[in-house]
Each structure stands twice: as C-alpha cells, then as structure tokens.
Amino acid sequence: MPLTRLRESIFPNVPPYLTFISPNDKYDDGEEPPEELVIHFTVAYGTSKTVLECIHRFGARIVEWTSADFGNLPGPAWDMLVVCEKSHPVDFEQLPPEMKINKFPSTSALSRKDKMWCNYKRLQKRNGKKFFAFLP
C-alpha cells in the first residue's frame with residue numbers, strides 16, 4: 001500500500017484523511033509535499049514533541065498559539081491545551097464553525113480512560129455490581 005499524504009475515505013461525501021508516518025517511513029511523493037497540500041497546523045504552546053514531529057514530517061507549517069484566540073489562526077488546530085484540566089480559557093462562541101472539538105474542558109473524568117475506570121469502580125462498589133454490570 002503506497003504511503004501518500006492523503007488517504008481516501010471509505011465513506012461517500014467525506015473528504016480524505018491526513019496520513020501521518022513514523023520517523024523511519026517516507027512518503028511516496030517525496031520529502032516535500034505538493035504545494036496544494038501545504039497547510040498550516042495550529043498547535044498550543046507546550047504541545048508534545050512527538051506531535052510536532054508528526055506534523056512536521058507531514059509537511060505542514062506549524063503555527064503556535066499562546067492565547068485562546070482560535071478564530072484568527074489558519075488551518076486545523078491541535079487542541080491539546082483545550083482538553084486538559086488546566087486549559088486556556090476558550091470562548092467557544094468565537095470559534096469558527098468548521099472547528100472540530102473532540103473533548104471539552106473539565107470532562108476528563110469521561111474522556112480519560114484511567115479516570116473513567118476509577119469512577120466506574122467507585123460507583124460499582126457503592127451501588128453494587130448488579131447496577132454496574134456493564135462496561136462503558
């Protein structure tokens with residue numbers, strides 16, 4: 001299977017996916033992406049080095065933000081600091097309509113598997129396994 005920067009979706013009317021590669025892999029279309037694929041990728045200050053390396057290998061231009069002003073930044077946003085408990089304050093009304101958010105602040109008890117499991121076990125102990133005989 002060729003390693004291309006874009007992977008076609010298997011679903012109709014869904015745009016292609018970005019393909020990120022490991023440090024030892026190479027894209028079939030060369031080191032530099034075609035000009036039409038050069039995108040800006042917005043990242044938060046303190047974003048993990050691994051994430052930055054993946055985005056860099058893809059060929060995106062990295063834009064670092066230090067405030068919650070997503071509305072004026074180009075490209076997709078890596079929202080690492082939006083999802084953690086000590087996140088930057090975000091005015092969700094100011095986000096562009098195309099911005100996707102996969103986790104919201106203060107929901108780590110649900111979005112982090114380790115915290116969700118601890119809460120599940122605590123509720124199972126308090127209320128009995130009869131009521132918590134399922135896995136979320």
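## A quick tour of the chain

Let's start with Asn13, which sits in the loop between β1 (6-7) and β2 (17-18); helices (H or I, at least four residues) and strands (E, at least two) are DSSP runs, numbered from the N terminus. What you're looking at is a predicted model, where local features need pLDDT of at least 70, side-chain atom pairs count only at pLDDT 80 or more, and totals for chains, interfaces and linings use all residues. Residues are numbered from 1 along each chain as its sequence is written, and side-chain values use heavy atoms, with hydrogens and water left out.

**Overall layout**

- The chain has 4 helices and 5 strands, and from the N terminus on they run β-β-β-α-β-β-α-α-α.
- Of the 136 residues, 22% count as buried (buried is under 20% relative accessible area, exposed is over 50%, and partly exposed is in between, with a 1.4 Å probe and protein chains only).
- Take contacts (heavy atoms within 4.5 Å) between residues at least 6 apart in sequence: 33% of them join residues at least 24 apart.

**Back to Asn13**

- Asn13 has a phi near 60°, a positive value in a residue other than glycine.
- Asn13 counts as exposed because its relative accessibility is 81%.

**The largest nonpolar core**

- A nonpolar core is a set of buried Ala, Val, Leu, Ile, Met, Phe, Trp, Tyr and Cys residues joined through side-chain atoms within 4.5 Å.
- The largest one here has 8 residues: Ile21, Tyr27, Phe41, Val43, Val51, Ile55, Phe58 and Ala60.
- Phe58 lies in helix α1 and has a relative accessibility of 1%, so Phe58 counts as buried.
- Leaving aside neighbours within four places in sequence, Phe58 is in contact with residues including Arg5, Leu18, Tyr27 and Ile39.
- Tyr27, not counting residues up to four places away in sequence, touches Leu3, Thr4 and Arg57, among others.
- Phe58 and Glu31 are 27 residues apart in sequence and 8.8 Å apart in space, C-alpha to C-alpha.

**Aromatic pairs**

- The structure holds 6 aromatic pairs; rings of Phe, Tyr and Trp (its six-membered ring) pair if their centres lie within 6.5 Å, and planes under 30 degrees apart count as stacked, over 60 as edge-to-face and the rest as tilted.
- Tyr120 and Phe132 are an edge-to-face pair, 5.9 Å centre to centre with 80° between the planes.
- Tyr120 is in helix α4 (residues 113-127) and Phe132 is in the segment after α4, so this pair ties together parts 12 residues apart in sequence.
- Tyr120 also pairs edge-to-face with Phe134, at 5.8 Å centre to centre and 75° between the planes.
- Tyr120 counts as buried because its relative accessibility is 7%, whereas Phe134, at 42%, counts as partly exposed.
- Trp117, Tyr120, Phe132 and Phe134 form one aromatic cluster.

**The second largest pocket**

- On a 1 Å grid over the protein atoms alone, a cavity is a set of points where a 1.4 Å probe fits but cannot get out, while a pocket is an open set with protein on both sides within 12 Å along at least five of seven lines; lining residues have an atom within 4 Å of a point.
- The second largest pocket holds about 310 Å³ of space (grid points are joined across faces, edges and corners, and a volume is the space filled by probe spheres set on the points).
- Of its 17 lining residues, the closest to the centre are Arg5, Glu31, Glu32, His56 and Arg57.
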